[in-house]
Amino acid sequence: MAERYDVIIIGAGQSGGPLSTALAKAGRRVALIEREHVGGTCVNTGCTPTKTMIASARVAHLARRAADYGVSTGPVSVNLGVVRQRKRVMVERFRSGSQQQIEQTDGVDLMMGEAQFTAPKQLAVRLNTGATRSLTADTVIINVGARPALPPVEGLDRVPSLDSTTIMELDSVPEHLLVMGGGYIGLEFAQMFRRFGSDVTVIQRDDQLLPHEDPDIAEAVADILRDDDITVLTSAEVQRVEQIDNVTLQVSVQVGGETCIVAGSHLLVATGRQPNSDVLNVAAAGLNTDKQGHILVDEYLETNVPGVYAMGDVKGGPAFTHISYDDFRMLKATLIEGKRASIAGRLVPYTVFIDPQLGRVGLTEQEARKQGYRIQIARLPMKYVARALETDETRGVMKAVIDAQTDQILGAAILGLEGGEVVTVIQTAMMGRLPYTALRDAAFSHPTLAESLNNLFSSLEA
């Protein structure tokens, strides 16, 4: 007989974990199933470890620039084993803290194992101990996330390659890192390892890096990477990968109709991720998925099966930790507070943690024009920002898109020092429906990066 719970949550990620404890505190009996580590991608293989390592890379970068600030230092070298250990300590701290909070919450049964549907609201759980449990509940919530995916490239399955998880376990700096993919993940690792001391080549299939950005912002990012002595190849289609000898990988790339050969010591594949729904036996549950395997949900995060919900990366859409956590808030409101909480129309900010950061919120210029808005553009190079000049961090540009009829801010990209923090100020104004003039005319503290918004929104152009 299946054990009955009020709620079953599959996956203890950034939405599944906090939702389990919130439901238990509201009096529900909850089964939380996690096959590997509490905390999901963010804590274990995403935000926490990568940003910890990026911090080490920035220190190396600043140390090499010390003379620019009148500070004398010696030669700079990076001990990647120490960087890795610092990362591991940080991950363990975050993971154990999350797991302890779950285990100390009455009403949550944390089961370490892998779940599969046997019926729409019934699951078989193969525990890591070898035992199997059968569970059922009126409410089932899926939070199983996604994993790195390999593209269909000839030879890729026969050569040693790295993904966003395994690259962080290297104990020595690669001589020449080849990065296949010019999205957020690829660019963060490209710059990180360049600062650690690797030669780096980025191979991007699209005609620009960060294909969802406006071309001018993408080109500004490319300029920054080239300034860091990273080779950037765009409109570059990888045809074949092969191992030449024990230390050399060779990638055949088609660029502009011609084939060129790029050789390196290590290959990072950062071309996309795939949802972990393929291990769930979703067919037994009758769940609808798209062709990639994302579990389809409505604006209330409910699937086509009433009482079955999906949160986080597995449902498709923006794959960011803060979106997964917001999914938790939406379902908490629906399942505990009795509200009908919708994700429709929510602002989706994100930050690409290159240096300088790219902070983004709302519509790009291209998206706004496509949607028929009559717009104005505000633009300000970082070299005109006082705080950036004082800190000698003047790379990048600020850009905002304004609705010319309502003066509302439709979106912004801040490529500059602490761009993720600065764009949050703009996001707050957008959430409050403030016109751009409110930021243009505000008396911000001097000298701060936020103060630059005065000048940004004074630079409107049709």
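Tyr325 and Phe328 are 3 residues apart in helix 8, so about one helical turn separates them. Helices here are DSSP runs of H or I with at least four residues, and strands are runs of E with at least two, numbered from the N terminus. This is a predicted model, in which local features need pLDDT of at least 70 and side-chain atom pairs count only at pLDDT 80 or more, while totals for chains, interfaces and linings use all residues. Residues are numbered from 1 along each chain as its sequence is written, and side-chain values use heavy atoms, with hydrogens and water left out.

The structure holds 6 aromatic pairs. Rings of Phe, Tyr and Trp (its six-membered ring) pair if their centres lie within 6.5 Å; planes under 30 degrees apart count as stacked, over 60 as edge-to-face and the rest as tilted. Tyr184 is partly exposed at 27% relative accessible area, whereas Phe320 is buried at 16%. Buried means under 20%, exposed over 50% and partly exposed in between (1.4 Å probe, protein chains only).

The rings of Tyr325 and Phe328 also form a tilted pair, since their centres are 5.0 Å apart and their planes at 55°. Tyr325 is partly exposed at 34%; Phe328 is buried at 6%.

Tyr184 and Phe320 belong to one aromatic cluster with Tyr350.
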